[in-house]
Amino acid sequence: MVLLRCRSLTINLPPFLPSHFQSQKFHTIRLFRNPNFNSLPQISASSSLPTNNPTTNRSISDAARFARSVLFVPPGVDIEEITEDMVLPGSNIVIGPFAGHSQIKEVVFVKSSARARDCPKDDRPEIAILGRSNVGKSSLINCLVRKKEVALTSKKPGKTQLINHFLVNKSWYIVDLPGYGFAKVSDAAKTDWSAFTKGYFLNRDTLVSVLLLIDASVPPQKIDLDCANWLGRNNVPMTFVFTKCDKMKAAKGKRPDENIKAFQQIIRENFKQHPPWIMTSSVSGLGRDELLLHMSQLRNYWDQ
Ligand code: GDP
């Protein structure tokens with residue numbers, strides 16, 4: 001367990017975070033998306049990235065600088081004022097003043113779209129859910145909305161893959177994106193997936209953030225890392241949602257926390273600042289309420 005202390009900062013970080021973090025290689029990512037981003041007073045993590053300015057660097061403590069490199073610090077939170085109870089359990093996510101109203105009361109399937117330009121045009125914010133086939137995406141969506149069989153439309157390998165919009169509480173969308181990495185899909189179909197989903201990420205103005213699902217029951221997969229790197233390079237805000245964290249160690253396999261640690265070590269080589277991450281299980285409900293709270297703060301900030 002890494003214990004971090006400063007003036008008002010006492011944070012117990014999960015054991016799979018190393019005590020030191022190497023900084024910057026090829027890119028940093030945009031942690032927030034807000035249409036008025038440039039005109040708002042910025043206290044966001046992305047605006048407080050480490051700089052080469054010695055004056056700026058001297059103005060925060062080493063502990064705060066360390067916390068900033070491992071934690072997801074939302075807008076409105078002073079890094080020096082973070083306390084342990086502000087960090088969601090099983091995650092690196094600090095909860096700030098924009099969090100609230102996270103529970104899902106109503107969810108309605110709206111439409112399936114074959115192209116980004118066919119998606120709903122009502123300007124409501126949306127959070128997209130993406131992951132390798134079999135990662136547990138349908139299970140997670142059903143767990144979040146507490147309904148069975150909501151996320152079925154994009155499930156069948158080889159069938160037309162569509163962008164599915166679900167309207168939540170009449171105010172925002174969950175977007176179920178086609179899974180990538182179907183073992184049996186032809187190269188042509190893989191290329192199609194790539195072209196059309198990338199088009200969605202690059203052109204969808206109302207996309208607040210992507211939840212990139214990573215299966216914690218297996219070691220890091222190249223296809224997931226490629227996807228994360230692509231999103232990062234293209235400034236698409238993302239949260240790593242580790243799925244199947246309830247799974248016990250297989251005969252020869254590693255535990256979920258070991259797989260998560262290995263994944264994060266690779267991510268740190270490519271990202272200057274670690275994206276938000278959270279551990280979940282659709283079987284036990286681990287991380288469900290915490291993830292909804294995190295989604296609420298991303299969304300509410302976007303709405304400002
Ligand atoms: P999708 O293809 O990404 O939509 O994945 P599914 O939601 O259909 O899940 C794929 C498989 O993983 C199914 O057999 C699920 O029962 C299983 N699964 C999904 N989530 C979990 C989880 O949190 N824990 C465990 N142990 N199994 C899960």
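Helices (DSSP runs of H or I, at least four residues) and strands (E, at least two) are numbered from the N terminus, and axes are lines fitted to C-alpha atoms, for helices over the stretch in contact, with angles running from 0 to 180 degrees between N-to-C directions. The model is predicted, with local features requiring pLDDT of at least 70 and side-chain atom pairs counted only at pLDDT 80 or more, while totals for chains, interfaces and linings use all residues. Residues are numbered from 1 along each chain as its sequence is written, and side-chain values use heavy atoms, without hydrogens and water.

Helix 5 (residues 222-233) and helix 6 (residues 256-270) have axes that come within 11 Å and cross at roughly 35°. Contact (heavy atoms within 4.5 Å) involves Asp224, Leu225, Ala228 and Asn229 of helix 5, and Phe263, Ile266, Ile267 and Asn270 of helix 6. Of the residues in this contact between helix 5 and helix 6, five are nonpolar, two polar and one charged, where Ala, Val, Leu, Ile, Met, Phe, Trp, Tyr, Cys and Pro count as nonpolar, Asp, Glu, Lys and Arg as charged, and the others, Gly among them, as polar.

Tyr173 lies in strand 6 (residues 172-176). Its relative accessibility of 2% classes Tyr173 as buried (under 20% relative accessible area; exposed is over 50%, partly exposed in between; 1.4 Å probe, protein chains only). Beyond neighbours within four places in sequence, Tyr173 contacts Val110, Pro120, Asp122, Arg124, Pro125, Glu126, Ile127, His165, Phe166 and Leu167.
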